[in-house]
Amino acid sequence: MSKQVNIIPCSGIGKVHGLLAREIALRLVNEICSEEAKTECLGYIVTEDQEIADRIKASKCITIDGCPKMCAAKSVANVGGTIAEEVRIVDILKGYRGIKTGTATALNDDGWNIVDEAAEKLAIRVREIYGEE
Amino acid sequence: MATVKIGVISCSGEDCLGGTISRLATRKMMEEVRPGDAVTLCLPLFIAGGEEERGFAEAHPTITVDGCSKWCAKRATERLSGKVSDAVQVEDIIGSEAARGSILSTRQLRPEHLEMVDKVTEEIKKKFDLIVEEFAEQAMTIKLC
C-alpha cells in the first residue's frame, strides 16, 4: 500500500456543498497534509480506466461528498477502492447552522472559514490513517 | 433564448488547473451566459445516480468540457449516458502547459486565470449557440412539413 492517503472530493457542480468538498480536499493535499495525502481526479475514476483503478486500490481513501448521492464514495467503491472515512458536508454544516457559505462558484468568508476549520479537523484523521499504513 | 435545455458537463478535474477552469467555465455558462438554458449534472452521477441521471445525454443535447487530454467527461458521458453533441478541450484553448499546471483553489485564482475561464466559456457558448440554431432549424422544418 502507498503511504499517502487519497482524498477524493465530489467537486459537485450544482451546489455550494460540492465546492466546499473540493476546497477542503485542496486545503488538505496542497497545504496541511501535503506529505501525508494526495488527491486523484474523480472524473478519471468515473472512467473506470485500469490505470486509475490501480492507483485508487493502492492507497486508503477519504471521500468527501456534498450531497446524499455520495458520488465520491460510490465511485471509489466502484473501482475497488478502500474507503477509510466517508465525510459528508451536511454533517460538517450541522455545526454551522444558518450560516450561508456562498455559491457553487465562489465561497464567501464564512465558507472559507468552514473549509479551514473542517480541513484542520480532518487532517487529524488523515494522519491517523497515514500512520496505520 | 433556447427552446431546448442544453447540458454542459464538466470534468471534476482535481488533477490540474484545466479542471478548475473547466468547472468555472461551466458554472459561468449556467449563471451568466445562458442561465436557464444551460443545465448541468455532476459527472459521477452517471455511476451514483439513477435512471434519470444516466439518461441525461439522451434527454438533452450535451456539451462536455474537459480540463485535460484524458477526456474523462466526454468518455464517461458517452459510455454511461449517451453520445454528446460536442466537446470542449481546455488544453486546446489555454495551451497544454497551462492546463496541466498544478490545480488551484479558487482562493488562489488570479486575473490571468479568470481570463482563461472567459476564453473557455466563449468556446462553450459558440458550440452551445450552434446547437440552439440546429434545433431551431429542425423545429422550423417540422412546422413547414
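# Close-up views of a predicted two-chain model

**Figure 1. Charged side chains and overall form of chain A.** Chain A carries 17 positive and 21 negative side chains, and 6 Å separates the centres of the two sets. The model shown here and in the following figures is predicted. The accessible surface of chain A amounts to about 5,500 Å², and carbon and sulfur atoms account for 48% of that surface. Along the principal axes, the C-alpha trace of chain A extends over about 40 × 30 × 20 Å. The radius of gyration of chain A is 14 Å, which agrees with the value near 14 Å for a compact globule of 133 residues.

**Figure 2. Order of helices and strands in chain A.** Chain A contains 6 helices and 4 strands. From one end of the sequence to the other, these elements of chain A follow the pattern β-α-β-α-α-β-α-β-α-α. Of the 133 residues in chain A, 54% are buried. Among the contacts in chain A with a separation of 6 or more, 67% are between residues 24 or more positions apart.

**Figure 3. The largest nonpolar core.** This core has 43 residues, and I7(A), I24(A), L28(A) and I64(A) are those with the most contacts inside it. Among the elements of chain A that give two or more residues to the core are the strands β1 (5-9) and β3 (60-65) and the helices α1 (16-32) and α6 (109-132). The helices α2 (42-47), α3 (50-57), α4 (71-78) and α5 (89-93) of chain A also give two or more residues each. Another core, of 25 residues, lies apart from this one, and its members include I6(B), I21(B), M29(B) and F128(B). In soluble globular proteins, nonpolar side chains tend to be buried together.

**Figure 4. Surroundings of I64(A).** Which residues are in contact with I64(A), leaving aside its neighbours within four places in sequence? The contacts of I64(A) include I7(A), I8(A), P9(A) and C10(A), as well as A21(A), I24(A) and A25(A). A72(A), V87(A), I89(A) and L122(A) are also in contact with I64(A). Of these residues, I7(A) and I24(A) are listed with I64(A) among those with the most contacts inside the core of 43 residues.

**Figure 5. I8(A) in strand β1 of chain A.** I8(A) is found in strand β1. Is I8(A) buried or exposed? I8(A) counts as buried because its relative accessible area is 0%, under the 20% limit for that class. Not counting residues up to four places away in sequence, I8(A) touches E40(A), L42(A), I45(A), I56(A), I62(A), T63(A), I64(A), A72(A) and V76(A). The C-alpha atom of I8(A) is separated by 10 Å from that of A37(A), and these two residues are 29 residues apart along the chain.

**Figure 6. Helix α4 of chain A and its cover.** The residues C71(A), A72(A), A73(A), S75(A) and V76(A) of α4(A) are buried. Which elements cover the buried residues of α4(A)? The cover includes β1, α2, α3, β3 and β4 (82-88) of chain A, together with α2 (45-48) of chain B. After α4(A) comes G80(A), which has a positive phi, near 90°.

**Figure 7. D65(A) in strand β3 of chain A.** D65(A) lies in strand β3. With 2% relative accessibility, D65(A) counts as buried. Beyond residues up to four places away in sequence, D65(A) touches C10(A), M70(A), C71(A), A72(A), A73(A), V87(A), R88(A) and I89(A). Of the residues touched by D65(A), C71(A), A72(A) and A73(A) are buried residues of α4(A).

**Figure 8. R27(B) in contact with chain A.** R27(B) belongs to helix α1 (residues 17-33) of chain B. The relative accessibility of R27(B) is 7%, and R27(B) therefore counts as buried. Apart from neighbours within four places in sequence, R27(B) is in contact with I13(A), G14(A), A104(A) and T105(A).

**Figure 9. Overall form of chain B.** Chain B has 8 helices and 4 strands, in the order β-α-β-α-α-α-β-α-β-α-α-α from the N terminus on. Its radius of gyration is 15 Å, in agreement with the value near 15 Å for a compact globule of 145 residues. Chain B exposes about 6,800 Å², with 52% supplied by carbon and sulfur atoms. Chain B has 19 positive and 24 negative side chains, and the centres of these sets lie 2 Å apart.

Terms used. Residues numbered from 1 in each chain as written. Chains lettered and ligands numbered in written order. Predicted model: local features only at pLDDT ≥ 70, side-chain atom pairs only at ≥ 80, totals over all residues. Heavy atoms only, no water. Rg over C-alpha atoms; globule rule 2.2 N^0.38 Å. Buried < 20%, exposed > 50% of the residue type's maximum accessible area, 1.4 Å probe, protein only. Contact = heavy atoms within 4.5 Å. Areas by Shrake-Rupley, 256 points an atom, 1.4 Å probe, with all protein chains shown as cover. Lys, Arg positive; Asp, Glu negative; His and termini not counted. Charge placed at Lys NZ, Arg CZ, Asp CG, Glu CD. Core = buried A, V, L, I, M, F, W, Y, C linked by side-chain atoms within 4.5 Å.
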